[in-house]
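Please keep the sequence and the model in view while reading.

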Amino acid sequence: MDPRHVSGQPVQIVKINDDPDDHSFFLDEAALNRILLQDNGALKDKPLCIVSVAGAFRRGKSFLLDFLLRYLCAADRHHWLGPEDSPLEGFHWRGGSERDTTGILMWSKIFLIPTGPPGSPEVAVVLMDTQGAFDTSSTVRDCATIFALSAMLSSVLVYNLTANIQEDDLQHLELFTEYGRLAIEDSGETPFQKLQFLVRDWSYPYEAQYGAEGGRNLVQRRLELSDKQHSELQDLRKNIRSCFSSIEGFLLPHPGLKVATDPGFEGRLKDIEPMFIQHLQDFVPLLLAPENIVIKKINGNVVKCKELVQFFRAYIEIFKGDEMPEPKSMLKATSEANNLASLQEAKETYVAMMESICGGDKPYLNEQVLDIEHCRIKDQAVLVFSSRRKMGGEEFSLTYREKLEREIDESYANYKAHNESKNIFKAANTPITLAAVAML
Ligand code: GDP
Ligand code: MG
């Protein structure tokens, strides 16, 4: 595809009320569903890779995302940068008149990437942008919320920083890594997947080289534990390390004065420092090349397109109050959503298998046979539920298992009644028909 015309548009899915007295967050569930269930639901069972870019305002996050879009839209992944002279399109960058309101944006198009040679399973790649301005005290909380939300929902969190990795930047990770610590205690699973520190305008290449190698060195140094650190700083570092399956760094050089200061700059490659472009070309495939795709997991379970709404809903709910949520309530919300996702998966298994036996277009089945089939399929559905890794402990999960069994039994009652209605012999034997026959 011609990279001048990326397909799709940004869609704001998490918004904040403009009212100064009520800064509550809300989720545009219809918009999110339109994205996740596009193509007539063809994507609904695909595993997700969610790449989100988060960090302070006006640091080139959306600008970077538009290069990720170019990569995803390119027909040839080795020549994805496109022509020298095309303006950069996609998520709105540069602020100005098109500035989006604070919140989370998602790209309307989902990209399917095969994880190996042709024919191998595909992963649905979703791009998320975050938007916020640290101007007044109330918006600081908004930004922290947006940051935590995008961190918890992504499989690749690109933490976009300028000039260096500072102690403050690590502190921003505290809330959800504290949640992560509880999640590990609960289930032993690593709660988050990839944390990618991306340092923009890095100006000490003599200390650490531009690119992935230098980035890794810098991250290692910043996350190092030492006896000289206060115990809180040590704990934070330990938490960050244990919460992510992988932590990487990347150092980008300054993109040049046109990018940073020229109001007429439209994102054309010819106006960007070649060294920046060269490193950008290394960076983007590190996130999006098929061999580097990271699938979103919550508590060890792969998250599919159709399940994401549930987690969004649960997290938005806990961030609604005036205070930042306690890590404990974040764990509870995740456990609920996690059990609910397992319940739904199991219920879908039951319905799909029953449909194949006694669905609308199937002939009448002997009652006893139907009963045996129901028991067999119910067992299988319950097995689907119990074989998924769950959070919140046995007792908590038991309430969901009971709910599953109730729902399955209700569903069975419907199948049974429907099956009965197909029994023409029985229908012919009703007293009314018998009476009608007697009258003849
Ligand atoms: P966002 O608010 O973080 O999404 O920032 P934008 O993507 O809207 O970019 C804000 C401004 O930073 C724009 O004028 C870009 O041209 C500029 N910009 C983009 N990347 C970089 C970078 O790596 N370094 C510098 N100094 N400026 C950049
Ligand atoms: Mg932006």
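**A strand and its partners**

Met106 stands opposite Met128 in β6. This pairing belongs to strand β4 (residues 103-107), which runs antiparallel to β6 over four bridges; strands here are DSSP E runs of at least two residues and helices are H or I runs of at least four, numbered from the N terminus, and two strands pair if DSSP finds at least two bridges between them. The model is predicted, so local features need pLDDT of at least 70 and side-chain atom pairs count only at pLDDT 80 or more, whereas totals for chains, interfaces and linings use all residues. Residues are numbered from 1 along each chain as its sequence is written, while chains are lettered from A and ligands numbered from 1 in the order in which they are written.

Strand β5 (residues 111-114) is joined to β6 by four bridges in the antiparallel sense, and Pro114 stands opposite Glu122. Strand β3 (residues 48-54), by contrast, runs parallel to β6, with six bridges between them; Leu48 has Ala124 as its bridge partner. Because nine of the 10 residues of β6 (residues 122-131) are buried, this strand is largely enclosed by the rest of the structure. A residue counts as buried if 20 or more other C-beta atoms, placed from the backbone, lie within 10 Å of its own.

Which residues come nearest to ligand 1? Of the 18 residues around ligand 1, these are Gly60, Lys61, Ser62, Phe63 and Trp93, where a residue is near if its C-beta atom, placed from the backbone, lies within 6 Å of the molecule. Two or more residues of this shell come from each of α3 (61-73) and α9 (257-261), and α3 gives the most, with three. The shell comprises eight nonpolar, four polar and six charged residues; Ala, Val, Leu, Ile, Met, Phe, Trp, Tyr, Cys and Pro count as nonpolar, Asp, Glu, Lys and Arg as charged, and the others, Gly among them, as polar.

Helix α3 is itself mostly covered, with 13 of its 13 residues buried.

Finally, the confidence of the prediction deserves attention. The protein has a mean pLDDT of 85, and 90% of its residues reach 70 or more; pLDDT is the predictor's confidence in each residue, from 0 to 100. The model scores ipTM 0.99 and pTM 0.82.

Notes:
Buried ≥ 20, exposed ≤ 12 C-beta atoms within 10 Å, placed from the backbone.
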